[in-house]
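Q: Could you take a close look at the buried interior of this model and describe, with the cut-offs stated, how its parts are packed and paired, and what open space is found?

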Amino acid sequence: MFREEVKTIGGLRLHVIPTKKYKTNTLVLKMKAPLCERDVTMRALIPYVLQNATERHPSMKALRTYLDELYGATLQVDLAKKGENHIITIRMDVANEKFLGTTSPLLREALTLFSDILFRPLTEQGEFSVAIVEQEKRALKQKIQSLFDDKMRYAQHRLIEEMYKGSPYALDVHGKLSDIDIIDAKRLYKHYEHMLKHDEIDLYIVGDVALTDVEHDVVERFPLEARSLCSTETTTLTKRTSVQEVIEKQHVKQGKLHLGYRTNTTYNDADYDALQVWNGIFGGFAHSKLFMNVREKASLAYYAASRIESHQGMMMVMAGIEPSNYERALEIIHAQAEAMRNGQFSDEEIIQTKAVIRNQLLETVDTARGMIEISYHNVIATRQRPLDEWLEAIEKVTYEDIVRIGEKIELDTIYFLTEKEGEKK
Amino acid sequence: MKIIRYDQLQEQLFYERLNNGLDVYILPKKEFNKTYATFTTKYGSVDNYFTPYGKTSMKKVPDGIAHFLEHKLFEKEDGDVFQIFSKQGASANAFTSFTRTAYLFSSTTNVEKNLETLLDFVQEPYFTEQTVEKEKGIIAQEIRMYDDNPDWRLYFGTIESMYHNHPVKIDIAGTVESISHITKDLLYECYATFYHPSNMLLFVTGPVDPLTILEQIRTNQAKKTFRSPTDIERFHYEEPSHVAREKHVIEMNVQTSKCLVGIKAKNVYTKGKEKLKHECAMGLLLDHLFGKSSSHYERLYQQGLIDETFMVDYTEESDFGFGLVGGDTSQPDQLAEEIQRILVQFSDIGDEQVERMKRKKIGSFLRSLNSLEYIANQFTRYAFDQMSLFDVVEALQSLTSDDIKTVARECFVPEQFTVCQVVPKR
């Protein structure tokens with residue numbers, strides 16, 4: 001398990017997770033705001049602009065050279081969607097000096113740099129550098145276009161787009177291609193100021209440190225005004241009269257079959273644990289029904305799996321199949337879902353699945369990133385639950401609980417990306 | 001049993017070579033929940049031409065067979081090994097690289113049982129014609145998945161262009177056609193040749209007691225009988241130092257173009273400290289030229305020739321080595337030219353820059369020690385070529401600007417460059 005010390009400092013929630021597991025210290029900042037069409041593209045751009053340069057390190061080369069000097073400290077940014085929230089993550093990782101034979105206070109230096117990146121970006125006349133903004137607009141366009149080239153990710157994105165048409169969840173975290181051109185440095189800077197005032201901001205520090213070691217440094221370097229927080233309401237999908245089927249054709253050799261189900265259960269719900277077990281028996285693991293039947297018995301696919309979107313109430317099934325096997329694969333997948341609904345799973349499958357879920361959660365907290373993800377669930381959700389309670393709840397799930405979950409799961413959309421007809425492979 | 005202490009890193013490694021020749025390494029990591037174990041044979045996709053055990057002449061086997069064998073070992077008469085691992089709360093997996101096949105599990109409970117399962121399933125092959133046929137469908141879909149993946153096509157397209165003869169140029173999974181020739185007898189033949197304990201290494205890391213674990217492994221191995229070890233005779237491919245083709249363009253259903261420049265290394269050491277030093281020098285040099293703190297990176301980024309996907313990488317294994325530089329780009333020809341120009345124009349690196357890059361590499365080495373997966377996998381890779389993962393810091397520290405200039409002179413030669421591009425289908 002892990003221990004977490006939390007303290008609110010103005011508009012910042014500081015989480016310190018003391019552990020001796022690692023040879024480095026990890027800093028992760030998360031900024032959360034509701035996903036919305038108006039802001040999503042600007043939010044996608046801002047972290048990439050910020051990681052370019054600061055007042056003190058006014059070019060990419062200067063900033064990156066300084067990171068090298070801090071014994072190869074890393075700096076990365078990325079974007080994610082958790083339910084209908086848009087999450088910006090800025091991450092730094094820096095060696096713990098006790099393994100280096102140096103006395104430089106590397107963690108404190110990294111905190112200073114982190115604060116510079118967040119609060120003192122390179123500016124020109126009170127706004128972002130035009131050259132950097134233009135360069136990052138170009139990079140963002142390329143990034144959005146390249147989504148199309150990774151067929152697995154593309155199919156996943158398309159399924160969600162079709163299933164959640166018109167609701168914020170359909171938006172891609174990288175924003176919209178058509179919105180990039182109208183963004184300028186001034187408008188972007190205004191939005192950045194808005195984010196610093198209104199976003200829900202969490203800073204995690206994971207490593208061989210305690211809250212008292214770093215609190216003072218954080219107070220000095222992260223001056224954020226207190227703010228009122230509001231949780232995002234998830235849009236409820238209206239029930240379809242029949243399952244939506246979307247077939248798209250491209251020059252591909254393998255078909256991507258993705259199915260979207262409404263689970264009507266999120267991390268906030270008491271029966272979320274039963275859903276986890278349900279998903280585990282159905283398609284979460286290498287012993288699950290989907291893997292055993294689609295891959296091992298019918299030998300139709302290399303991968304066939306399901307996974308749940310914890311904060312959205314959605315489950316997705318994914319399989320890569322020969323285009324001509326569409327009907328057969330679909331039939332086998334439906335049969336597995338039907339078996340689940342009819343309660344056709346054994347005590348052994350339940351025990352096995354619980355053991356693997358427990359193992360997976362315990363392994364997750366062996367990485368700094370995993371500990372942060374587990375803790376951050378509680379920021380997204382309205383429900384507070386430490387890991388040991390989560391593990392206990394999984395243990396307590398019964399056969400009846402799992403059957404009850406099955407009654408709530410409804411297939412919504414089938415998406416199939418397949419080859420153009422008349423083509424030779 | 002031998003204990004090797006690394007004081008600065010605060011690690012202790014336990015080692016023993018068993019009577020049957022198996023090398024066993026245990027690295028206790030008390031703070032972790034999980035135990036991670038890999039059981040690896042020195043047998044990968046490049047081993048496609050060798051003298052099978054008990055035979056006197058060399059034989060060529062179908063491309064992709066090492067990987068196929070990896071898949072098939074999980075299936076037993078009474079079902080699937082995945083089932084056993086999951087009942088014991090573990091997740092199991094395997095991978096095949098150019099030179100190795102590794103089987104692994106990770107688990108937070110039942111470590112002894114899982115270790116027993118790992119040792120037993122790898123050492124009890126069970127292949128039938130029927131299950132071999134069935135696997136062909138699954139692996140065909142794995143191959144198709146990679147066929148549609150532009151990054152994989154680019155990666156293999158580059159390697160393919162570099163080599164005339166060396167089998168590193170063949171995709172690890174083979175082709176749908178080549179795997180169709182695989183039979184159960186061929187699998188048994190490869191198994192008998194390469195899965196002898198003396199050609200294998202077991203690495204266990206996690207919150208384990210090394211003495212108990214070692215005793216368990218000894219007992220498990222003592223219960224089984226193995227033939228006496230023999231040397232494995234592998235075909236030696238003659239490989240010229242210049243590349244097989246200068247440029248290769250792959251048209252695909254993509255929106256963004258990609259470009260990689262491959263740099264073929266010559267005079268690769270096959271083993272030991274020299275090899276480690278060579279690899280470190282090349283890695284450091286490429287990072288100095290193209291890493292995010294380099295002036296070239298900044299310039300190419302500002303010109304819009306590269307984006308965040310731009311990467312540099314150096315791979316060195318038994319008797320081959322190659323560097324890769326590139327990523328997504330809107331101007332693949334211009335990027336290819338720029339990269340090659342930077343390589344040939346390199347003449348010197350200052351001592352101060354060498355020191356900074358060493359610092360960076362040492363910090364990043366420490367970071368990789370956070371990962372049990374990294375430690376086990378990389379330790380094995382190094383050990384197979386008679387190097388030690390834990391000597392990396394020392395090897396880095398010993399590098400001088402002269403060492404770096406030497407590798408540049410050997411490798412930054414236009415005849416050793418190749419360009420591979422993925423471009424949108426017209």
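A: Contact here means heavy atoms within 4.5 Å. The model is a predicted one, in which local features need pLDDT of at least 70 and side-chain atom pairs count only at pLDDT 80 or more, while totals for chains, interfaces and linings use all residues. Residues are numbered from 1 along each chain as its sequence is written, chains are lettered from A and ligands numbered from 1 in the order in which they are written, and side-chain values use heavy atoms, with hydrogens and water left out.

With residues up to four places away in sequence set aside, B:Phe412 touches B:Ile263, B:Met282, B:Leu285, B:Leu286, B:Leu289, B:Leu343, B:Val344, B:Phe346, B:Val407 and B:Phe417. B:Phe412 also belongs to the largest nonpolar core, which holds 195 residues and in which A:Ile205, A:Leu257, A:Tyr261, B:Leu343, B:Phe390 and B:Phe412 touch the most other members. Such a core is a set of buried Ala, Val, Leu, Ile, Met, Phe, Trp, Tyr and Cys residues joined through side-chain atoms within 4.5 Å, where buried means under 20% relative accessible area, exposed over 50% and partly exposed in between, for a 1.4 Å probe and protein chains only. A second, separate core has 52 residues, among them B:Leu18, B:Val61, B:Tyr103 and B:Leu119.

B:Ile263, one of the contacts of B:Phe412, is in turn part of strand 13 of chain B. Helices (H or I, at least four residues) and strands (E, at least two) are DSSP runs numbered from the N terminus. In strand 13 of chain B, residues 257–264, eight of eight residues are buried. Side chains in a regular strand alternate between the two faces of the sheet. Here B:Ser257, B:Cys259, B:Val261 and B:Ile263 are buried on one side, and B:Lys258, B:Leu260, B:Gly262 and B:Lys264 are buried on the other.

Two strands pair if DSSP finds at least two bridges between them. Strand 13 of chain B is joined by eight bridges to strand 15 (residues 320–329) of chain B, the two running antiparallel, and B:Lys264 stands opposite B:Phe322 of strand 15. Strand 13 of chain B also runs antiparallel to strand 16 (residues 417–424) of chain B, with six bridges between them, and there B:Gln421 is the bridge partner of B:Cys259.

The next element is helix 10 (residues 295–302) of chain B, whose buried residues are B:Tyr297, B:Glu298, B:Leu300 and B:Tyr301. Their cover draws on both chains, including helix 2 (60–69) and helix 4 (130–147) of chain A as well as helix 9 (272–290) and helix 11 (332–345) of chain B. After helix 10 of chain B comes B:Gly304, with a positive phi near 80°.

A buried site also occurs in a loop: B:Thr99 is found between strand 9 (90–96) and strand 10 (101–107) of chain B, and it counts as buried because its relative accessibility is 9%. Neighbours within four places in sequence aside, B:Thr99 is in contact with B:Thr41, B:Lys42, B:Tyr43, B:Gly44, B:Val46, B:Glu317, B:Ser318 and B:Phe320.

As for open space, a pocket is an open set of points on a 1 Å grid over the protein atoms alone, with protein on both sides within 12 Å along at least five of seven lines, and its lining residues have an atom within 4 Å of a point. The second largest pocket is lined by 39 residues, of which B:Lys42, B:Asn199, B:Arg234, B:Phe384 and B:Asp385 lie nearest its centre. Helix 13 of chain B gives the largest share of that lining, three residues.

Technical notes. 1 Å grid on protein atoms, 1.4 Å probe; cavity = no way out; pocket = protein on both sides within 12 Å on 5 of 7 lines; lining within 4 Å.
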